[in-house]
Amino acid sequence: MKHSDIICRLKTRSRSLFSSRTFAGLLLVWTLVMLAVPAVALSVTEHMSWPARMANALFPIGVFGLWLSCSRRIGVTVLTTFPFMVLGAFQIVLLFLYGRSIIAVDMFLNVVTTNPTEVGELLGNLLSAILTVCLMYLPPLVFAVVGCVRHWSAGRRMISVARRAALSALLVAMLSIAVSLPGHSPVRPLIDIYPLNVLYNIVLAVDRTERLAAYESTSASFSAHASDLWPADSARRVVVIVVGETARGDRWQVNGYDRPTSPSLSEGGFVSFPCAYSESNTTHKSVPMLLSHLTADTFGDSIYSVKSIVTAFREAGFRTAFFSNQRYNRSFIDSFAFEADTTLFVKEQPGASTESFDMELLPLLRDELARRDSRQLVVLHTYGSHFSYNDRYPEQFARFLPDRYTDASLSAKASLDNAYDNTILYTAAMLDSVASCLSESGAECAMVYASDHGEDIFDDDRHLFLHASPVPSRWQIDVPMIVWISDAMSARHPGYLTAAGANRQAPVSTSRSVYHTSLQLAGICSPLFDPSLSVVSEGYKKPARRYLDDHNRAVDLDAILAW
């Protein structure tokens with residue numbers, strides 16, 4: 001064979017090897033693998049039966065395989081899967097964060113209720129996860145655009161093979177679902193099968209968003225039917241509710257932590273409840289439960305027709321104020337805040353700093369107390385221990401060092417712990433300052449503090465971080481609850497402090513107890529008041545341990561934590 005013939009054949013084979021059909025086929029397979037990765041990962045991470053694992057892994061391969069092989073113009077079909085690539089990237093990032101679970105309804109709601117500053121802080125510390133999803137999903141999109149421009153077309157044989165393989169995968173998935181039906185754990189497609197479960201959660205999130213938009217009208221007729229128990233009493237009464245953010249109960253010295261994170265709260269009318277927990281690990285559900293009579297058992301549809309504790313106090317003749325160091329988040333929290341006579345979001349004021357610290361709420365509290373109304377409620381919504389931790393306190397509170405980190409990783413745990421403990425130290429100092437302000441007022445005063453939820457900081461071998469995961473850890477629902485009662489109120493009502501001390505070691509659901517404890521301290525009567533849920537009541541009873549899951553169902557908390 002002549003040398004020129006050999007060169008010619010090599011060139012022909014080279015052109016065949018790198019033809020547009022070859023590139024189109026590789027793009028089809030590459031895209032299908034990337035779209036199936038989240039489902040395969042979830043089949044490993046989730047607690048499922050084997051039929052469910054099989055169905056979950058093969059169903060998206062079958063569906064996406066059929067879709068990608070519906071046309072020989074692979075570049076076009078790949079681009080049409082862009083929305084599912086976005087969902088896949090979101091899912092992979094959540095698996096980096098939490099190690100398991102599909103994109104929950106609450107995750108989609110968090111996207112629209114979290115301010116851009118918080119999102120930036122979080123994404124800036126998840127570089128490894130973001131880099132991973134970029135490497136997974138950007139290349140097929142780029143090559144799909146190239147394929148559209150250069151008119152790549154897959155071969156008929158390739159399309160035929162892809163269709164047969166996809167149909168086989170889909171058939172096995174359907175058989176797996178059918179096999180599971182007679183058993184104790186049948187496969188539920190809208191719950192167990194990716195991406196059907198994610199799409200279902202999007203529908204639920206849209207429904208909740210629409211119902212929230214109509215909240216003002218659906219809750220307009222609500223009344224707590226509250227009244228003052230002692231209307232003729234001339235003594236001035238003030239109650240302050242401090243809503244914390246992302247604080248864990250086990251990080252407080254007053255609860256037995258071995259670091260001096262709350263040295264000023266061990267005496268002087270403070271009572272801390274070390275066995276407190278929240279019934280939700282998401283702010284947009286936990287805070288509405290803190291500030292209303294609703295619990296995990298009653299939240300469901302009821303949240304759209306009730307108002308907060310602010311309305312109960314107003315009905316009883318109290319002047320009310322709501323001061324927040326957070327931004328508007330388009331949730332029930334905003335609506336509850338504007339029930340007050342005076343409402344102010346510090347960070348939303350013209351020229352306000354994005355890095356304002358919680359102590360900046362104190363001048364607002366002092367100004368409100370200076371009005372000297374005979375009955376007053378003030379709600380302070382803090383930024384507390386929200387990530388990024390070292391941005392939540394001024395330099396003089398950097399007691400535990402080093403407290404600087406470049407990203408949120410296991411290797412930075414020591415610095416993350418130090419910074420987090422500094423936020424607790426700062427919050428404790430703020431609570432002490434609030435108590436001092438109230439004492440100086442000379443009124444009968446009380447303060448109730450509870451955090452909305454806790455936080456994971458790489459605490460065990462799962463290496464979980466942050467909160468709001470669809471399946472919470474114990475650290476995400478472990479929260480502080482602290483009650484402070486002034487000397488003047490203790491002198492008039494000595495039973496409050498006595499009962500609080502007696503109940504100190506009892507399990508306390510903050511989602512149930514903040515509302516009723518605050519009403520009792522204020523001397524407010526309401527049909528909604530339940531003395532068995534007030535920690536300053538002699539009739540306090542241990543509540544059932546419940547948790548509000550992603551679909552707003554009340555489930556057994558201990559069963560959830562056992563997962």
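Predicted model: local features only at pLDDT ≥ 70, side-chain atom pairs only at ≥ 80, totals over all residues.
Residues are numbered from 1 along each chain as its sequence is written, and side-chain values use heavy atoms, with hydrogens and water left out.

The structure contains 22 aromatic pairs, a pair being defined by ring centres of Phe, Tyr or Trp (its six-membered ring) within 6.5 Å, with planes under 30 degrees apart classed as stacked, over 60 as edge-to-face and the rest as tilted. One of these pairs is formed by Trp-30 and Phe-143, which are tilted at 45° between the planes, with 5.9 Å from centre to centre. Because Trp-30 belongs to helix H2 (residues 20–45) and Phe-143 to helix H8 (residues 127–150), the pair ties together parts that are 113 residues apart in sequence. Helices (H or I, at least four residues) and strands (E, at least two) are DSSP runs, numbered from the N terminus. Trp-30 is partly exposed, at 31% relative accessibility, and Phe-143 is likewise partly exposed, at 38%; here buried denotes under 20% relative accessible area, exposed over 50%, and partly exposed the range in between (1.4 Å probe, protein chains only).

A second pair, Phe-387 and Tyr-389, is edge-to-face, with 5.2 Å between centres and 85° between the planes. Phe-387 is buried at a relative accessible area of 3%, and Tyr-389 is buried at 0%. Both residues belong to one aromatic cluster that also includes Tyr-405, Tyr-420, Phe-458 and Phe-465.

Arg-53 is placed over the face of Trp-50, at 5.6 Å from the ring centre, and Arg-545 over that of Tyr-277, at 4.7 Å.

Strand E2 (residues 237–244) is largely enclosed by the rest of the structure, because eight of its eight residues are buried. Arg-237, Val-239, Ile-241 and Val-243 point one way from E2, while Val-238, Val-240, Val-242 and Gly-244 point the other way. Strands are taken to pair if DSSP finds at least two bridges between them. Seven bridges connect E2 in parallel with strand E7 (residues 375–381), where Gln-376 is the bridge partner of Val-238. Strand E8 (residues 444–451) pairs with E2 through eight bridges, also in the parallel sense, and Val-448 in E8 is the bridge partner of Ile-241.

Methods:
Lys NZ or Arg CZ within 6 Å of the ring centre and 35° of its normal.
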